There are 2 protein chains.
Amino acid sequence: MELLDNFKAIEVETPVDKIIRQIRSLIVSGYLAPGDKLPSERKLSEKLGVGRTYIRDAIKKLEFFGILTTHPQSGVVVNGTDISAMEGLFSNVMKIERPDFFSLVETRVSMELFSVQNATKRRTDEDLKNLEKALEAYEAKIKISQHAENEDFLFHLKIAEAGHNAVVKTMMLIILPDILAIYKKENFCGEDEKLKRLGEHRAILDAIKEKDADKAVLLMQEHLKNVLEFSKKIL
Amino acid sequence: MELLDNFKAIEVETPVDKIIRQIRSLIVSGYLAPGDKLPSERKLSEKLGVGRTYIRDAIKKLEFFGILTTHPQSGVVVNGTDISAMEGLFSNVMKIERPDFFSLVETRVSMELFSVQNATKRRTDEDLKNLEKALEAYEAKIKISQHAENEDFLFHLKIAEAGHNAVVKTMMLIILPDILAIYKKENFCGEDEKLKRLGEHRAILDAIKEKDADKAVLLMQEHLKNVLEFSKKIL
DNA sequence: CTCCTTTAATTGGTCTACCACTTAACTCAT
DNA sequence: ATGAGTTAAGTGGTAGACCAATTAAAGGAG
């Protein structure tokens, strides 16, 4: 028995894999571009001569990787192929692991420091413009509203983009919403601290502009200090 | 609008996610040990009050992560968790879009430095035992085989575990197999460098044991230097 | 002719019945 | 009492029917 086990991993191609291969070829051949809708499950099922269950499984698998997105009662569309594949993976794994808040924040801090350091070295002029715009949006939101968490986080996301590391940016995209949710629930962002935060953002942006890595990292570290302390308390 | 889109993936917990959480809790609570059979799909469907389709979807997803394995017409069993479970997870997707290797490696280095630093502060005695075991497994594999990449990476994964940050560990779990695949394809690991690597692993473990953070980080940095250079060349 | 309302067709989501295979219990000849 | 042969219950696999939401087409009022 055990000896024969070695030969067992041959695996015939399952119907699902066949379907995946077909859909994949439709995409790589350019017949299906990002944004296009897939033929309906019934049509595919009939065309490929298999049950709809198989089609659904195949779609689900591709959706799992972030290649497709199903819109209920509407259709299945093809996603962009830049980093979306990883994005789907991350969020799926995250659901299974159920991380604690402290780990999330600690990881965020680590990545932010890494990102801001990269940003000082790699930022383009366009990055600077985006950062400036994000900062202004934050400032504007503060003046008219109580809740500016979204704009706050968006600025940090732009820093990650300016760091020009797709993987890190994707990770930030996955982690930040989770942290944001807890922020809102615990009402972490005090009213009086917003102006202080705005100033810190400004200082960080300046450091990025001046390409002063050490200064940027230091400022970011100070900026995120409170959050880290806060997450320790919750723990 | 476009800015807020990034955070828009709010996600309400689907039935499938609920089931996954329940099955997971059965496993982590020890009620289901590796090798055990899951209750049948019908039983679960009745017990949890949902259709069998949902149960099947949940099982399929967990199977995808290597946590479960279904034996047709027989049952579903719980696997041990290992890096090999995730191996090849990306391989399906890679055919469509090859992720930026340099970003992957750069991110890995950043996280490894972060992890090893945490490990020096938080490692338990059990962590040390696991690291020791992983190191021995690596050494043993080197002596009998040419390919010890799995064991190499497993050691690094154990360091991430010793760092006691669930998020970072999860990210490593996702990134490492992908890097591993490229390693194998490009045949990066030279025969002569294996003993050198083993020694470096040993030194890192010692630094963790002695709780010398600075030394551990420095050693890790040196250890990963080649990989980073290599990824730059490929780029 | 235009715009709003209504209606019919189509979509993905869900459930249930049936299938082939496995497994364990049972029967019966030895 | 034992063993092989048989049978029945249980398993995951598959397909099709039905559901609610969406969407596009048809109809009618202005």
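A polar contact is a pair of N or O atoms within 3.5 Å; within protein, one atom must be able to donate a hydrogen and the other to accept it, and residues adjacent in sequence count only if both atoms are side-chain atoms. Under that definition, a polar side-chain atom of Gln73(A) lies 2.8 Å from a base nitrogen of DNA strand C. This is a predicted model, in which local features need pLDDT of at least 70 and side-chain atom pairs count only at pLDDT 80 or more, while totals for chains, interfaces and linings use all residues. Side-chain values use heavy atoms, with hydrogens and water left out; residues are numbered from 1 along each chain as its sequence is written, and chains are lettered from A and ligands numbered from 1 in the order in which they are written.

**DNA strand C**

- Around DNA strand C there are 20 residues, of which Arg42(A), Arg52(A), Arg56(A), Gln73(A) and Tyr54(B) come nearest; a residue is near a strand if one of its heavy atoms lies within 4 Å of it.
- Of the atoms of DNA strand C that come within 4 Å of the protein, sugar and phosphate account for 56%.
- Phosphate oxygens of DNA strand C are approached by a polar side-chain atom of Ser40(A) at 3.3 Å and by a backbone N or O atom of Gly51(B) at 3.4 Å.
- The elements that give two or more residues to this surface are helix 3 (41–48), helix 4, strand 1 (68–71) and strand 2 (75–78) of chain A, together with helix 4 of chain B; helices (H or I, at least four residues) and strands (E, at least two) are DSSP runs numbered from the N terminus.
- By class, the surface near DNA strand C has three nonpolar, 10 polar and seven charged residues, where Ala, Val, Leu, Ile, Met, Phe, Trp, Tyr, Cys and Pro count as nonpolar, Asp, Glu, Lys and Arg as charged, and the others, Gly among them, as polar.

**DNA strand D**

- DNA strand D is surrounded by 19 residues, the closest being Tyr54(A), Arg42(B), Arg52(B), Arg56(B) and Gln73(B).
- Sugar and phosphate make up 55% of the atoms of DNA strand D that come within 4 Å of the protein.
- At the bases of DNA strand D, a polar side-chain atom of Arg52(B) lies 2.5 Å from a base oxygen, and an N or O atom in the side chain of Thr53(A) is 3.0 Å from a base nitrogen.
- An N or O atom in the side chain of Ser40(B) is 3.4 Å from a phosphate oxygen of DNA strand D.
- Helix 4 (52–64) of chain A, together with helix 3 (41–48), helix 4 (52–64) and strand 2 (75–78) of chain B, are the elements that give two or more residues to the surface near DNA strand D.
- The residues of that surface divide into three nonpolar, nine polar and seven charged.

**Interface of chains A and B**

- The contact (heavy atoms within 4.5 Å) takes 48 residues from chain A and 44 residues from chain B.
- The two chains bury about 4,200 Å² between them, 71% of it on carbon and sulfur atoms; buried area is the accessible area (1.4 Å probe) that two parts lose on being put together, summed over both.
- Four salt bridges are found across the interface, a salt bridge being a side-chain nitrogen of Lys or Arg within 4 Å of a carboxyl oxygen of Asp or Glu.
- Glu106(B) forms a salt bridge with Arg122(A), with the closest N and O atoms 2.3 Å apart.
- There are 12 residue pairs in polar contact between chain B and chain A, both residues at pLDDT 80 or more.
- On the side of chain B that touches chain A, helix 7 of chain B gives the most, with 10 residues.
- The residues on that side of chain B divide into 23 nonpolar, nine polar and 12 charged.
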